[in-house]
Amino acid sequence: MRSCLLYLLLWLSFSNALMAQSANPYHTNGAAYSENCNCYTLTNEQNTQSGSVWNKNKIDLNQSFDYKFNINLGSRDADGADGIVFVLQNISVSIGSTGEGMGFGGVTPSIGIPIDTWQNGNQSDPAYDHISINRDGDINHTTSNNLAGPVSVLSGNNNIEDGQWHTFRVIWNATTKTLSAQVDGVERVQATIDLVSQVFNNDPLVFWGFTAGTGGSYNRQRFCTSLNPGFAMAPDQLTCFPTPIQFNDNSASFGTIVKWYWDFGDGTIDSVKTPDPHVYPAPGNYQVKLNILGNNGCLSDTFKTNIIVGSKPVARFGFPPGSFCDGNTVIFTDTSGVQYGSINSWEWNINNGQSVITNTSPAFQQAFPLGPHTISLQVKTKEGCVSDPVTQSVIMSPSPVVDMDFSDTCFRVPVTFTANNLDPAISIQRWYWDLGDGARGSSTSLQHTYSKGGAYTVKLYALGDNGCYSDTISRLINIYATNAFAGNDTVVTDNHPLPLQGSGGLLYTWSPADGLSNPSIANPIALIKKSTAYVLTAYTPMGCASTDTIHIKVFKGPAIYIPNVFSPNGDRRNDRFRMTAVGMTDIYFFRIFNRYGQLVYHSTNPKEGWDGTIKGQPQPTGTYVWVVRGKDFTGRIHDQKGTFMLIR
C-alpha cells in the first residue's frame with residue numbers, strides 16, 4: 001500500500017512538471033520537424049532540402065554554456081550529404097538554405113560548427129567527413145573565417161554516416177573566450193575568439209540552433225537535446241545480500257534535470273537524484289530502471305541495468321578415488337555452486353594454514369609428501385559473498401623401491417632375472433617386466449632365452465599392496481653371439497701360400513691344424529699339397545661358439561683349366577661355361593668363337609662364364625673355340641686355346 005501511494009505521488013509530480021514545461025521553446029523551418037519532445041529531423045532522405053531548428057530564447061554570450069546533444073547523420077555514406085551545423089546568430093529564427101552551405105552559408109554575423117559529410121572541391125574540403133569552426137557563413141577552409149579544422153569528425157574513423165547516434169558537446173567559456181566541440185567525448189576543434197566584440201558587434205544576445213541541407217545527394221540528418229539517464233555504483237561496491245547498495249546518478253541532460261524516477265526492481269521507487277543506500281529483501285536478479293525529466297518538460301527513455309544481489313555460495317570439491325602416493329600430484333575438482341551470483345575466487349587451505357593458495361579459476365592440483373593431509377576450500381563471488389569452508393583429507397602412501405639381478409650370457413642360453421623389493425615394509429602385489437625384445441613377465445623370478453645377440457634394455461616396476469607403483473628402473477643386458485665365417489671356397493696351386501680370413505668372433509680356432517701357420521688366429525697362412533676343408537670355430541671369452549667351413553681345391557699350376565663339354569639346358573648343372581684359374585693373378589681376356597669365327601662371348605672375370613646365348617638367343621649345338629690369356633703369380637704370361645662341345 002505504501003509503494004502504491006509513493007507511485008501515485010511521483011506520477012502527480014511528473015504530470016505537474018510536464019504541464020509547467022509544456023511551452024515548446026523551439027522553432028522549426030523548412031523540412032525540419034519535431035520527432036518527440038527533444039528530438040528533431042532537420043532533413044529527410046530527399047534531394048534539395050533545407051531545415052533548421054532554433055531556440056526561441058536568446059542566450060547571453062557573457063555567460064558560459066555547455067550544451068550536450070545527440071546527432072545522427074544518416075546511413076548513406078558514398079552518396080550521403082551534406083551535413084549539419086551548430087550555429088550562433090542574432091538575425092532571426094527563420095533562416096536556412098539547401099546544398100553545400102548546409103543552411104549556414106551566407107549567414108552573417110554568425111559562428112558555426114559544421115559537421116560536413118560531402119567533399120566540395122570549391123570549399124577545399126577534405127575527402128573524409130570533417131568538422132571545423134567557421135564565422136559569418138563562410139565554409140571555405142582556406143579563408144580567414146576558418147577558425148579551426150577541418151579534422152575528421154570521429155577520432156580514428158573517417159565516416160560518421162553510419163546510422164548511429166553520436167554525442168556532440170559544444171562548450172563556450174566566456175572567461176577565456178574559447179569555443180570548443182567534442183564528439184563522442186573526444187575534443188575535435190577549438191578556437192579562441194571574443195564572440196561578442198569580434199563577431200556580433202558587441203551584442204551578446206544570440207539565437208542558437210541547428211541547420212542542415214541536402215542537394216544532389218542526401219541523408220536523414222537529426223539531432224536531440226541530450227536527455228540521457230544513467231547511474232553507476234562505486235568500483236568497490238559489493239552486492240551480496242544484505243549489503244546496502246548505493247546508486248549514484250550520472251545522467252546527462254542538455255538543460256537541468258528536475259526529476260529522477262527510480263525503480264529498484266523490488267517494488268521500491270524513489271524520486272531524488274541520490275537515493276539512500278538500498279537494501280534488497282532477498283538475494284535475486286533485479287532490474288533497476290531510471291527515467292529523468294528535463295526542464296524542457298521532456299521525459300527520457302528508460303535506462304535499465306540488471307543487478308545481481310548475491311546469495312551465499314556453497315563450497316564443494318572432490319578428487320579421484322584410489323590411493324595417493326608420494327610424489328604424485330592430486331587433482332582437485334571444484335563443484336561449488338551459488339544460486340545468485342558468480343564465483344570468482346577459490347581459496348585452498350593446506351594443513352590448517354601451512355599453505356594458503358588463492359586462485360581465480362577452479363582448477364587446482366597439488367603434490368604432497370608422505371602422510372595425512374587436510375585440504376579446505378572456501379569460495380567467494382564477485383558480488384562479495386563468502387562460503388563456509390569445506391574440508392577433506394588425503395593420505396599419501398609410500399611407493400615401493402625395487403631393483404633387479406641378472407648376468408650377461410650367450411644367445412640361446414637361458415637368462416635368470418630376479419626382482420628385489422628394497423622396502424620390505426611394502427608388500428609387492430605384482431611385478432612388471434619388459435625384457436627388451438618384446439617379452440614380458442609378472443613374477444618375482446623368470447627365465448628368458450634371447451634368440452639373437454646384442455644389448456637389450458630390461459625394465460622393471462612393481463605395484464605395492466597399498467596401490468602405489470614404484471619408479472621404473474632400467475638396466476642393459478649384453479647377450480653375446482658369434483657368426484663364424486671362414487671365407488668363400490677357393491682354389492690354389494699346390495705349395496702356394498693362401499692367406500685365410502676368418503671373422504665373426506673374438507677368439508678363433510682352425511681345424512685341422514695341418515698346413516696352417518697358426519690355427520689359433522683369425523688369419524693364418526695355409527700351405528697345402530692336396531685339397532682340404534678347414535673348420536673355423538669363432539667364440540667369445542664366455543664361450544658362445546659358432547663354426548664355418550672353407551673348402552680349398554689344390555691344382556697343379558699355375559694353370560688355367562677349362563672343360564671340353566658344356567650343356568646349358570637349365571638343369572642348374574653345367575649351365576655356364578667357366579674356366580678355373582689356378583695361381584693366376586690376372587685374366588686379361590676369355591673369348592669364345594663359333595664355327596664361323598664370330599665372337600660370342602668376351603670377359604675378364606673367370607667366375608662369370610658364358611650362358612650359351614647371344615643377346616638372349618640360345619646358340620646351337622656344336623663345336624666352339626675358346627681363347628684365354630692371363631698372368632700367374634710368378635709374372636709369366638699364359639696364352640691358351642682349345643675347343644669344347646655345346647650340347648643341348
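A disulfide is taken here as a pair of cysteine sulfur atoms within 2.5 Å. The model is a predicted one, in which local features need pLDDT of at least 70 and side-chain atom pairs count only at pLDDT 80 or more, while totals for chains, interfaces and linings use all residues. Residues are numbered from 1 along each chain as its sequence is written, and side-chain values use heavy atoms, with hydrogens and water left out.

The structure holds five disulfides, and when the bonded cysteines of the protein are numbered in sequence order, the pairing reads 1-5, 2-3, 4-7, 6-9, 8-10. One of the disulfides joins cysteine 325 to cysteine 468, with an S to S distance of 2.0 Å; because the torsion about this S-S bond is about -100 degrees, the disulfide is left-handed. Cysteine 325 lies in strand β25 (residues 324-325) and cysteine 468 in the loop between β38 (454-464) and β39 (473-480), so the pair ties together parts that are 143 residues apart in sequence. Strands, like helices, are DSSP runs numbered from the N terminus, with at least two residues (E) for a strand and at least four (H or I) for a helix.

Cysteine 240 and cysteine 385 are also joined, again with S to S 2.0 Å, but here the torsion is about 115 degrees, so the disulfide is right-handed. Cysteine 240 sits in the loop between β17 (231-232) and β18 (248-249), and cysteine 385 in the loop between β30 (371-381) and β31 (390-397), so this pair ties together parts that are 145 residues apart in sequence. Cysteine 240 counts as buried at 13% relative accessibility, as does cysteine 385 at 1%, where buried means under 20% relative accessible area, exposed over 50%, and partly exposed in between (1.4 Å probe, protein chains only).

A further disulfide joins cysteine 410 to cysteine 544, with S to S 1.5 Å, and with -85 degrees about the S-S bond this link is left-handed. Cysteine 410 belongs to strand β33 (residues 409-410) and cysteine 544 to strand β45 (residues 543-555), 134 residues apart.

Elsewhere, four strands form an open antiparallel sheet in the order β21-β20-β22-β23, with β21 (269-270) and β23 (303-309) as the edge strands, each pairing on one side only. Two strands pair if DSSP finds at least two bridges between them; β20 (residues 257-263) and β22 (residues 284-294) pair in the antiparallel sense over six bridges, and isoleucine 257 stands opposite glycine 294 in β22.
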